[in-house]
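Here is a short briefing on the structure shown below.

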Amino acid sequence: MKSTLVVGALLTVMTATGAFGQAIKLANVAELSGGGATVGTNWKNGIDLAIEEINAKGGVLGRKLEVSHADSQSNPGVARAQVQKALDAEPYVLLGPGYSGSVKVTAPLAAEAGIAQIMGGEAAELTQTGNKFLFRTSFGQQSSMPKVAKYIHDEMKAKTVAVVWVNNDFGRGGRDVVVKELDRLGSKVVADLSTEAGQADFAADVGKIKAANPDAVFVYLNEEESARILKELKRQGVTAPLMGETTLIGQKVIELAGDAANGARGHVGLTTDAPVDLIKAFREKFSKKYNYVPDHNGLKGYLAVYMVKATTEKMGKVDSKKFADTLHGLTIKAADEPGILMDVTFSDTGDIDRQSFLVEVVEGKQVVKQVLPKVK
Amino acid sequence: MSNLFDLLVAGLATGAIYALVALGFTLLWQTSQTINFAQGEFVMLPAFLMLAAMHVGAPFWLAIILGILLSMILLGLAFKLLLVDPMMRHGVLPLAIATMALAIGIKEAVKQFYSAEASPFPSIVPTGEVSILGHAVSLQSIGVLTVAILAVLGLTTLLNRTSLGHQMQAAAQNPTVARIIGVPVERMIMLTFLINAFLVALASLLITPIYLAKFSSGEVLGQAAFIAAIVGGFNQVRGAIAGGLLIGVLDNLAAAYVSTQYRAAVPMLFLIAVILFRPQGLLGRAEERTV
């Protein structure tokens, strides 16, 4: 009697799930605590929102999406252990981590398991090691810096440029690409200044910029140092236009630098302030569900899940081994898959090409001034 | 050339702040043989006290006054009574190590109770420029230099021209004789601790708008001021001033003409040279103690 009941219950469960097919399992490893908690939490919430939407509309190829979340504690060592554990459960696709350092140590594990990894890291080197399973959700420096150089040359009409960068992997990576691109376009780098992470005093560096008298200054430092150099540039009366990346015009920099941030411009790959209807709608849905305005990491997590959906639908089957091959070279159009928000193309290395934004700080606020088109 | 002028002005402005901090080092050493390795954190903390006062609604001017008063209580009075006095009995070295521990304690406390991230800090000098000898010089640099020079002038006047100053000199040079002739030595020593607390609060007010308020910002300052005090002569007030200005200028010139990576190394090399060839410091005198 008992066994009949158990078999009956099992049959009921199997029928119930069978009607929908077996769920597609995704694994997320992200910075849910520690220094990167903001990054990881936004990323996770973006993922959950996308999965909820997709499942409400019938899932992917008739199957529901399921995700497991694991905390890397913002620590590459923990991230590696969590990713190994996640891979042991044989997920369809691995999502995360968000920190480049954690991606660097976990990418070989996913590649070895033959599982595609869609992550949030932005360091240039991540996709330059020949890993066939790693995919970005945002620009790496090799995608963003050519746009920055093009803007400095074409729009700012700068014939001479001072480049200030922070002497670490992040700074050097960006500096190398931008200097090469500026040179190719014909803008001359008249001052090439390396600074130290955590540097407090920028008087000498700004003195050198002043002496070089460039048409534009490209600033590529961490956020606190960006604020300090902006103040010093103002203090020494440097009037050349300033160009940077997200790190120059972020909200924290504006708060720290005050007036000195006004007029600074920056290239931003993803922003929830973007004048794109689908992004505005995303922002609204996200804010409604979580009661706060997401940052770009929320967008990245959301996009990661829609990358899974679009790629799987392109294949017409759920095949984790062929997933990476299919996503390489794939163009996903927002018209076909609104969840991807903007048209995007993936390269053979897992890098992305997508439109991006030029933001200027006006009276202490970020204002999107221009939409920069895809490179290709 | 114009670049050199700009660098000199910026270097002098930073150096003037180093001088204020180095002065405190010298004062404490002269009167109580205290080597305060928490001096950098002493500069970092008052800015946070002022920010905290502003958080609870005080206007900037009131926050400055409250910050300076609180600094004098915490970094002057409490520091002397709770740390220096009990440790002094055990000698100079245990006290020096205790101040290192204090430095870590202050840093971690600010990180824990305020924030690990940098905070903006308003400037007492407006931004803008004036032209001096055909060069544009920022008002902030001029303001910092002026305030620092006034503080140094005030201090030297106090030490050399007033009875109180003479009593402090006496207490520093020979405490036993000073006691015999009726100088309240203990009170004089406490006074130097209060003066040091005032000087670091002033330095904090001047440097934080440029460096931002951050728990770790004392590290650079403490080191620079310590080098300045030794280079100038640990046993002379004028030595600390000269050392501060010199290190400020040297640091800026090194950053511009050597490299940013090695900027910190140049003052260190200079320090080694001074220790090797003139151990009493540029303006110091061997085996003599005076404030």
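- Asn213(A) is exposed, with 12 other C-beta atoms within 10 Å. The scale behind that word: a residue is buried with 20 or more other C-beta atoms within 10 Å of its own, exposed with 12 or fewer, and partly exposed in between, with C-beta atoms placed from the backbone.
- Asn213(A) is not a glycine, yet has a positive phi of about 45°.
- Asn213(A) lies in the loop between helix H7 (203-212) and strand S8 (216-220) of chain A. Helices (H or I, at least four residues) and strands (E, at least two) are DSSP runs, numbered from the N terminus.
- This is a predicted model: local features need pLDDT of at least 70, side-chain atom pairs count only at pLDDT 80 or more, and totals for chains, interfaces and linings use all residues. Residues are numbered from 1 along each chain as its sequence is written, while chains are lettered from A and ligands numbered from 1 in the order in which they are written.
- Glu363(A) also has a positive phi of about 45° and is not a glycine. Its loop runs between strand S14 (356-362) and strand S15 (365-372) of chain A.
- Glu363(A) counts as exposed, with 9 C-beta neighbours inside 10 Å.
- The peptide bond from Gly96(A) to Pro97(A) is cis, with omega near -10°. Pro97(A) sits in the loop between strand S3 (93-95) and helix H4 (100-113) of chain A.
- For background, most residues other than glycine have a negative phi, and most peptide bonds are trans.

**Strand S8 of chain A**

- Five of the five residues of S8(A) are buried, so this strand is largely enclosed by the rest of the structure.
- Ala216(A), Phe218(A) and Tyr220(A) point one way from S8(A), while Val217(A) and Val219(A) point the other way.
- Strand S6 (residues 160-166) of chain A runs parallel to S8(A) and is joined to S8(A) by five bridges. Two strands pair if DSSP finds at least two bridges between them.
- Val161(A) has Ala216(A) as its bridge partner in S8(A).
- S8(A) also pairs in the parallel sense with strand S9 (residues 242-244) of chain A, over three bridges. Here Val217(A) has Leu242(A) as its bridge partner in S9(A).

**A five-stranded sheet in chain A**

- Five strands of chain A form an open sheet with parallel pairing, in the order S2-S1-S3-S4-S5.
- Strand S2 (65-71) and strand S5 (134-136) of chain A are the edges; each has a single partner strand, so one side of each is left without a neighbour in the sheet.
- On average, neighbouring strands of this sheet are turned by 25° against each other, direction ignored.
- Strand S1 (residues 24-30) of chain A is joined to S2(A) by seven bridges, and the two run parallel. The bridge partner of Ala27(A) in S2(A) is Ser68(A).
- Helix H3 (residues 76-88) of chain A packs on the sheet and touches S1, S2 and S3 of chain A. Its direction makes about 175° with that of S1(A). Contact between two residues means C-beta atoms, placed from the backbone, within 7 Å.

**Helix pairs in chain B**

- The axes of helix H3 (residues 60-88) and helix H8 (residues 185-211) of chain B come within 8 Å and cross at roughly 140°. Axes are lines fitted to C-alpha atoms, for helices over the stretch in contact, and angles run from 0 to 180 degrees between N-to-C directions.
- H3(B) and H8(B) are therefore oblique to each other. Angles under 35 degrees count as roughly parallel, over 145 as roughly antiparallel, 65 to 115 as roughly perpendicular and the rest as oblique.
- Residues making this contact include Ile64(B), Leu75(B) and Phe79(B) of H3(B) and Phe193(B), Ala197(B) and Leu205(B) of H8(B).
- The residues of the contact of H3(B) with H8(B) divide into 13 nonpolar, four polar and one charged. Ala, Val, Leu, Ile, Met, Phe, Trp, Tyr, Cys and Pro count as nonpolar, Asp, Glu, Lys and Arg as charged, and the others, Gly among them, as polar.
- Helix H2 (residues 39-55) and helix H9 (residues 218-232) of chain B have axes that come within 7 Å and cross at roughly 135°. H2(B) and H9(B) are therefore oblique to each other.

**Where chain B meets chain A**

- The contact takes 22 residues from chain B and 24 residues from chain A.
- H1(B) gives the largest share of the chain B side, five residues.
- The chain B side divides into eleven nonpolar, nine polar and two charged residues.
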